[in-house]
Amino acid sequence: MTEPRIADLAAALRDRTHPAVGVWNRLEGRPRTVGFDRALRAEVRDALWMLTRQWQLGEFRGTDAGSPVTATYAISTSTPSRFRPDGGPAEALPADRPLETVAERRPLPFTFGTEPIAYDLRLLLGRRWLKLLAASSVLRPHHFGEQYIERYPVALPDPTADADTARVAHPEDWATLQALAGRRMDGYLLYQHVRTGGHASDGIDGPGHRHRADLDALGTRLVDWFDHLIDQPTGATPQRPDGDATWNPRALEHSFSVSAADPSGGEKVLTAAEYPGGELDWYAFSVASGTTLGGTDPTPSPTPRTVFPAPVRFSGMPLPRWWALEDGRTNFAAVTPDSTDLARLIFLEFALVFSNGWYQLPCDVPAGTLASVRGLAVTDVFGQRRWITPAGKGDDQSWQRWSMFTLSALDAHVPPSAPADDGALLLPPGVPKVATGPALEEVWLVRDENANLVWGIEQTVRRAAGGGRGGDETAAETLAHRRRLHPPPAQDAPRAPIAYAIASPVPENWIPFIPVHVPGDSRTVQLRRAAMPSAVDATPVRPRTALLREGLDAGRGYFINEEEVPQSGTRVTVAFNRTRWRDGRVVVWLAAHRGLGRGERSSGLGFDTLVDTPMVGGQ
């Protein structure tokens, strides 16, 4: 049986009177060959149409743009020769060590107040001195070593004295000092005696005139050996006891300046005002106009060089050939910039539209120099020679001024009409790799909004025997030892189910910083180090890190700029660094590094609280 013919197809589709009627919605090709060579040729069927489209889009308009063939430039280089810590005098920049060493080195603490620490270094000096005596054929038969051990002994701390709590609270430190007392020499005492003008033979019985001269010569060798073993700041003065150390405790950063001969004549001073430590590169410096460090180096002469430019290549860039596929690891289609995100839009335009119009020139510059390009001439394929000017030339307010890898001006009050920097770039005299040891000190500066305080949490503190130890464990051991020395008096049985507490306890490795006004300013706030009372006898708890003991042993207060502790907090560590210089010499120094914190913390500090008390006999 055949279906009747549909007279009105449109009405049938509208009313769906014949649901068996199908509608084609997809067409698929069915290839009838096994080869696709011709299809892959992408043959042009209408060349005239493609030519007219090129004319419509303006592709036939000549731009007189030729590819560069050769480039000739002249570059001037000068070596930084002067160094000045922030607030200190200028001095010659040492050339026998990296700039990181001079910029980061800090003094080695051997005492906290009257308490000796760093027994690992003290024993190292003593062992070195005894080896010097044993290596001398003239002094060895006289057995001077026993006298030096008696004169400079490792003192045994008193476990019943509060002043020695830090050395006896930790069982390992206490056992180590017990084993060393009377058997080993505290070499730092001899080192300090000789360094402050004494003689190594002072207080030693028996040596004649010749032996005293030999001992004094060995004492000088010991001081020189240790000074070269670990680099420390030099040039200490009563006004600046830390010498040329660059650490700014108020800003928790290093601050220093270097200078080199300016290619334009004179001296160029570069200042690293906010160097946190770690990797020292060109972007840590700014140009300090109008200052001088007393450099007298001659003005360097430019060195011309001719090179061949090479096109810029990067992952994911558009390739010129028709069937060439870009690297799929870089997906520019996944970049979704906003209409106001100019930086991202400019980046995409460079990467996708003008990627074939950028060239790079090889320019080898020695490390540890201040380099400045004095001129650049490019010759293209048409034989035309063009003089290229820096993109950053012009006034600060010029909209056409644009630059990268240039040094900014340190002074924020430079007038807009001042000319831009000459484009000099500093390659610091550093090293590619620095090995950092375990942290000897680690401090977290965090905000506690509930208590309206900033806390300096000592996460890692120095052990008396050397090395670092967790601040929480050290604080608990110290508190337990002091409670054994000062047991609390017997308390009467509670007479009420609640008791009044003036303040809640806080771990002793939490050092408070309270906000105070800057003198003479009723609006600006700074943070001042304070102290919490001990849970044993209400004596002030002192920090166990040199970072937070700033000025404490000298009777000075310690202030930190309020803006240095953001909501995310700040982390500061102190550790030994080690590297090799160009001549192969090993350089070791103690440095502080600043990093990001881990957010806010709550100490649980509260005042005027009521606490539950257990009643006796169920009362």
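Analyst: Arg 183 sits in the loop between helix H8 (171–180) and helix H9 (187–195). Helices (H or I, at least four residues) and strands (E, at least two) are DSSP runs, numbered from the N terminus. The model is predicted: local features need pLDDT of at least 70, side-chain atom pairs count only at pLDDT 80 or more, and totals for chains, interfaces and linings use all residues. Residues are numbered from 1 along each chain, and side-chain values use heavy atoms, with hydrogens and water left out.

User: How many salt bridges are there?

Analyst: A salt bridge is a side-chain nitrogen of Lys or Arg within 4 Å of a carboxyl oxygen of Asp or Glu. By this rule the count is 21.

User: Which parts does the pair of Asp 364 and Arg 305 tie together?

Analyst: The closest N and O atoms of Asp 364 and Arg 305 are 4.0 Å apart, forming a salt bridge. Arg 305 belongs to strand S10 (residues 303–307) and Asp 364 to the loop between S12 and S13, so the pair ties together parts that are 59 residues apart in sequence.

User: Which element gives the largest share of the lining of the largest pocket?

Analyst: A pocket is an open set of points on a 1 Å grid, with protein on both sides within 12 Å along at least five of seven lines; lining residues have an atom within 4 Å of a point. The largest pocket has a volume of about 2300 Å³. Of its 46 lining residues, those closest to the centre include Trp 358 and Met 404. The largest share, 7 residues, comes from S13.

User: What is the volume of the largest cavity?

Analyst: In a cavity, a 1.4 Å probe fits but cannot get out. Residues lining the largest cavity include Trp 247, Glu 550 and Tyr 558. Its volume is about 70 Å³.

How values were computed
Points joined across faces, edges and corners; volume = space filled by probe spheres on them.
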